[in-house]
Amino acid sequence: MDTADPQERPAPLWSSLLKYREEGNLRLHMPGHAGGRGLPEAYFTLAELDLTEVPGIDDLHQPRSEIKEALRLMAQAYGARESFFLVNGASSGIHALFMSLPGERPPVLIPRNAHRSLWGGMVLSGAVPRYLSCAYDAQTGIPLALDPGVIGAELEANPELKAVFLTSPSYWGTSLDIAEMADKAHKRGAALLVDEAHGAHFAFHPAYPRPALSQGADAAVNGLHKTLPVLNQGACLHIGREYKDRNLLAAALSLITTTSPSFPLLASMDLARQFMQVKGYEYLDRAGRTAEKYRARIDQIPGMRVWNPSGDNDRYAAGQDPLKVTLHISGISLDGLQMADVLRREYRIQAELAQPDLIMFMMSFLHREDEWEWLHRALVEIAGKYGGTDRKTGVIPLIPCPRMVLSPRQAFRQERRRVKLKDSLGRLSGEMVAPYPPGIPCLLPGELIDAETLEYLWYIKQRGIYTQGPHDPALDYIMVLEETGKGQE
Ligand SMILES: Cc1ncc(COP(=O)(O)O)c(C=O)c1O
């Protein structure tokens with residue numbers, strides 16, 4: 001990776017690790033590999049920099065020097081009042097946000113297209129969700145835009161709401177117009193929190209969807225590892241000027257964060273921030289233009305349509321990350337899963353997501369034009385071999401929004417038992433079912449398995465869609481709650 005002159009754009013955390021390595025110390029401290037011993041050679045460089053809170057290396061739980069400075073630079077880059085490093089992915093930022101809400105059982109408005117990490121946030125905090133069912137595009141299952149008017153009406157009808165928790169961009173890169181919703185939330189004294197896990201790059205180029213924080217969100221969580229050159233698990237939580245309980249948030253984060261964070265992971269975030277400030281605009285600019293060109297070219301391939309929320313589809317989203325390329329492939333005789341398999345075996349291309357009727361490619365701004373061309377060529381060949389059909393794709397059933405009977409924390413503590421899926425109608429679920437990716441739960445513990453939900457579960461089962469949550473991945477059985485009254489708080 002081409003990084004900038006450290007003098008101009010310092011990466012203080014990374015520099016502190018290099019300095020320690022240069023000193024050639026006898027490492028009589030953690031971690032146990034003492035600089036890489038006992039590990040295969042491929043780990044050496046990483047392990048040499050895998051340090052702990054010795055003098056000269058700062059402490060994530062009490063940042064005073066390099067980490068403090070790296071966080072200051074991070075906040076500056078994102079226009080945040082303050083940023084926090086997360087070493088357990090965006091999920092941990094979401095958990096901490098819920099834990100910092102006021103009160104014992106804070107009510108939160110949550111459009112139901114949220115990632116499964118919201119469940120952990122609610123169990124840990126005791127928050128009680130008020131779910132909003134979402135509309136989805138019938139052909140692709142992509143969540144449609146939220147109407148700010150609906151959010152406003154919910155806030156008005158439920159003045160006890162403490163926060164609104166939005167997901168933008170979606171897993172597919174569609175983004176929301178947050179400003180109006182933030183305004184409505186603030187007028188009612190509620191915080192506007194955004195899971196922006198897939199949008200860490202937006203802040204570095206104006207042609208990409210507008211970052212949540214710049215639209216008035218009180219806090220946003222970025223999964224840096226998803227779209228920036230950052231090691232897995234690296235993420236950031238940013239808060240805006242008006243964020244109410246900064247100290248409680250910091251305490252919640254410290255509570256759920258290991259006291260042995262990975263320094264190579266932390267430093268990769270420091271370096272990525274430096275990279276984005278120095279080269280991000282240039283890379284995103286080039287990637288945006290390349291994406292525009294190839295999105296149009298791929299759209300011309302017979303049998304494939306590129307999902308695009310512009311023009312007639314405006315109502316679908318306020319914006320679209322051009323680097324998420326979703327194809328609807330009803331004119332190809334292969335379904336999405338078969339096509340992903342052919343791409344991998346015959347063209348050495350691994351797609352991000354494959355579903356019966358669509359396939360999604362997650363391009364990075366670091367991919368070169370010849371790599372876009374590689375994908376395009378493969379798709380043209382596949383269309384040539386398997387095209388010319390009109391596969392009946394059918395309508396994707398809508399993700400249900402089941403009725404919550406027990407709050408997440410109550411349900412979490414309840415006894416459960418296994419029943420046949422076909423016998424589960426009318427029972428309260430004892431487990432989460434989240435097709436993965438994208439990880440949006442169609443059922444959570446404490447929710448009623450009604451006819452619509454059961455039908456959706458059958459759909460998942462029959463199509464063999466991969467899920468996280470169920471103890472029986474085949475979904476022949478499902479865990480339900482014992483009917484022993486409410487769980488203990
Ligand atoms: C929208 C969304 N939010 C949050 C997460 C959780 O991110 P992480 O895996 O970094 O914990 C994901 C993960 O895929 C996601 O898609």
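I began with the rule for pairing: two strands pair if DSSP finds at least two bridges between them. Helices (H or I, at least four residues) and strands (E, at least two) are DSSP runs, numbered from the N terminus. I noted that this is a predicted model, where local features need pLDDT of at least 70, side-chain atom pairs count only at pLDDT 80 or more, and totals for chains, interfaces and linings use all residues. Residues are numbered from 1 along each chain as its sequence is written.

I found an open sheet of 7 strands with mixed pairing, in the order 1-8-7-6-4-2-3. Strand 1 (82–86) and strand 3 (128–132) are at the edges with a single partner strand each, so one side of each lacks a neighbour in the sheet. On average, neighbouring strands of this sheet are turned by 20° against each other, direction ignored. (Axes are lines fitted to C-alpha atoms, for helices over the stretch in contact, and angles run from 0 to 180 degrees between N-to-C directions.)

I then followed strand 1 to its partner: strand 8 (residues 235–239) runs antiparallel to strand 1, joined by 5 bridges. L86 stands opposite A235 in strand 8. I also saw helix 3 (residues 66–78) lying across strand 1 and strand 8, at about 115° to strand 1.

**Entry: strand 13**

Is strand 13 (residues 358–362) mostly covered or mostly open? I found 5 of its 5 residues buried, where buried means that 20 or more other C-beta atoms lie within 10 Å of a residue's own, all placed from the backbone. L358, M360 and M362 are buried on one side of strand 13, and I359 and F361 on the other.

Strand 11 (residues 324–328) runs antiparallel to strand 13, with 5 bridges between them, and H328 has L358 as its bridge partner. Strand 12 (residues 353–355) also pairs with strand 13 in the antiparallel sense, over 3 bridges. Here Q355 stands opposite L358, and a hairpin of 2 residues joins strand 12 to strand 13.

Definitions and conventions: Contact = placed C-beta atoms within 7 Å. Buried ≥ 20, exposed ≤ 12 C-beta atoms within 10 Å, placed from the backbone.
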